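Subject: Structure handover

Hello,

The structure is below, and my notes on it follow. Please read them alongside the coordinates.

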Amino acid sequence: MEYVRLGASGLEVSAVTLGMMSYGDATRGGHPWALPEDESRPFIQRALELGITTFDTANVYSNGSSEEITGRALNDFAKRDEVVIATKLNGRMRPGPNGAGLSRLAVMTEVDNSLRRLGTDYIDLYQIHRFDPNVPVEETMEALHDVVKAGKVRYIGASSMYAWQFAKMQYTADLGGWTRFVSMQDQYSLIQREEEREMLPFCLDQGVGVLPWSPLARGRLTRDLDETTDRSETDAFGKTLYRQQEDADRQVIDAVKSVAEERGVSRAQVALAWVRQQEAVTSPIVGATKPHHLEDAVASVDLWLTDEELDRLESGYVTRTPEGF
């Protein structure tokens, strides 16, 4: 495993991040395909054995149970100062007023709730889970700064939004003398590359690390386009994605298959290697519900694609509308 700086910050993360959305309690509103705690723990333990030290969850994942599973497992299997715990806020946690969003009240409430569920005194990377158009950015950035200064959070990050929104928040932090975001978690894969237009160049210019979500396009890059899985059949959010350019996507997926067969590796390794070779990317976030998911993710760190292979993988891409915000 390799370890890299998260953008221009001093924080070191593993070159692959384990996404924790795959683990949660379905009886508490979790995804139907999420693994319960007893089935999740072996994956977390194996990830640590393979050198993965960075774990990304969110308060909304399985209504908080993902954070609980993450916290208990890392407490049992690792030393706190040897792992990086990232979580997020913004999504609705309860009905009624102030149950979601990025208000000062929400930030102060949800950071304490996440700390309690994770069983830790601090969060390494606290991220806003999308932009909140209903709250002044000054209010959000000052509140995030305050939880950093209180010692509850070490670094802050953001997730999918338009580049102008992210720029507005960063420069608002500068004007207020508040803590800046060190990372951007956005959707980026061989079949969703619209972030290359503005967000990724902005992150490179500003020294912001990029942590792509769905680098395998929710598994589409690992199988033929017409194949389905239990997750693809029950993933309500996933069904809203990757519906714009299916003919072009088929060409890209076929190219991944071809390169993988020539290299004698899995398609997942090829697709992840492509993401990791993009200049702006720090650490792709990978979910794992089968043992080979972890092995493929770690093996991709040592796979270096040639310029010719990169061209083959990229040539079929067709412009589409950004999605997932």
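Is Arg263 buried, exposed or partly exposed? Arg263 is partly exposed, because its relative accessible area is 32%; buried means under 20% relative accessible area, exposed over 50%, and partly exposed in between (1.4 Å probe, protein chains only).

Two points on the basis of these notes. This is a predicted model, in which local features need pLDDT of at least 70 and side-chain atom pairs count only at pLDDT 80 or more, while totals for chains, interfaces and linings use all residues. Residues are numbered from 1 along each chain as its sequence is written, and side-chain values use heavy atoms, with hydrogens and water left out.

Salt bridges

The whole structure has 20 salt bridges, a salt bridge being a side-chain nitrogen of Lys or Arg within 4 Å of a carboxyl oxygen of Asp or Glu. One of them joins the side chains of Arg263 and Glu309, at 2.8 Å from N to O. This pair links distant parts of the chain: Arg263 is in helix H8 (residues 246-263) and Glu309 in helix H11, 46 residues apart. Helices (H or I, at least four residues) and strands (E, at least two) are DSSP runs, numbered from the N terminus. Glu309 counts as buried because its relative accessibility is 6%. Salt bridges with shared partners also join Arg46, Glu49 and Glu295 into one network.

Glu110 and Arg94 form a salt bridge through their side chains, again listed N to O, at 2.8 Å. That pair also links distant parts of the chain, with Glu110 in helix H3 (residues 104-118) and Arg94 in the loop between strand S5 (84-89) and H3, 16 residues apart. Glu110 is buried at 5% relative accessibility, and Arg94 is partly exposed at 29%.

In the salt bridge between Glu194 and Arg197, the closest N and O atoms are 2.6 Å apart. Glu194 is buried, with 7% relative accessibility, whereas Arg197 is exposed, with 52%.

Cavities and surface patch

Three cavities of 30 Å³ or more were found in a search of the whole structure. On a 1 Å grid over the protein atoms alone, a cavity is a set of points where a 1.4 Å probe fits but cannot get out, and lining residues have an atom within 4 Å of a point. Grid points are joined across faces, edges and corners, and a volume is the space filled by probe spheres set on the points. The largest cavity has a volume of about 40 Å³, and its lining includes Glu194 and Phe325.

Phe325 lies in the segment after helix H11 (307-314) and is partly exposed at 37% relative accessibility. Together with Tyr162 and Trp164, Phe325 makes a nonpolar surface patch of about 360 Å². Patches are made of residues with over 30% relative accessible area and no salt bridge, with like charges joined within 9 Å and nonpolar side chains (Val, Leu, Ile, Met, Phe, Trp, Tyr) within 5 Å. Accessible areas come from the Shrake-Rupley method with a 1.4 Å probe; for residues, only the protein chains shown count as cover.

Two buried loop residues

Ser62 sits in the loop between strand S4 (54-56) and helix H2 (65-77) and is buried at 2% relative accessibility. Beyond its neighbours within four places in sequence, Ser62 has contacts (heavy atoms within 4.5 Å) that include Tyr23, Asp25, Arg28 and His31.

Ala280 is in the loop between helix H9 (267-276) and strand S10 (285-286), and is buried with a relative accessible area of 8%. Not counting residues up to four places away in sequence, Ala280 touches Leu200, Leu204 and Val210.

Regards

Methods. On a 1 Å grid over the protein atoms alone, a cavity is a set of points where a 1.4 Å probe fits but cannot get out, and a pocket is an open set with protein on both sides within 12 Å along at least five of seven lines; lining residues have an atom within 4 Å of a point.
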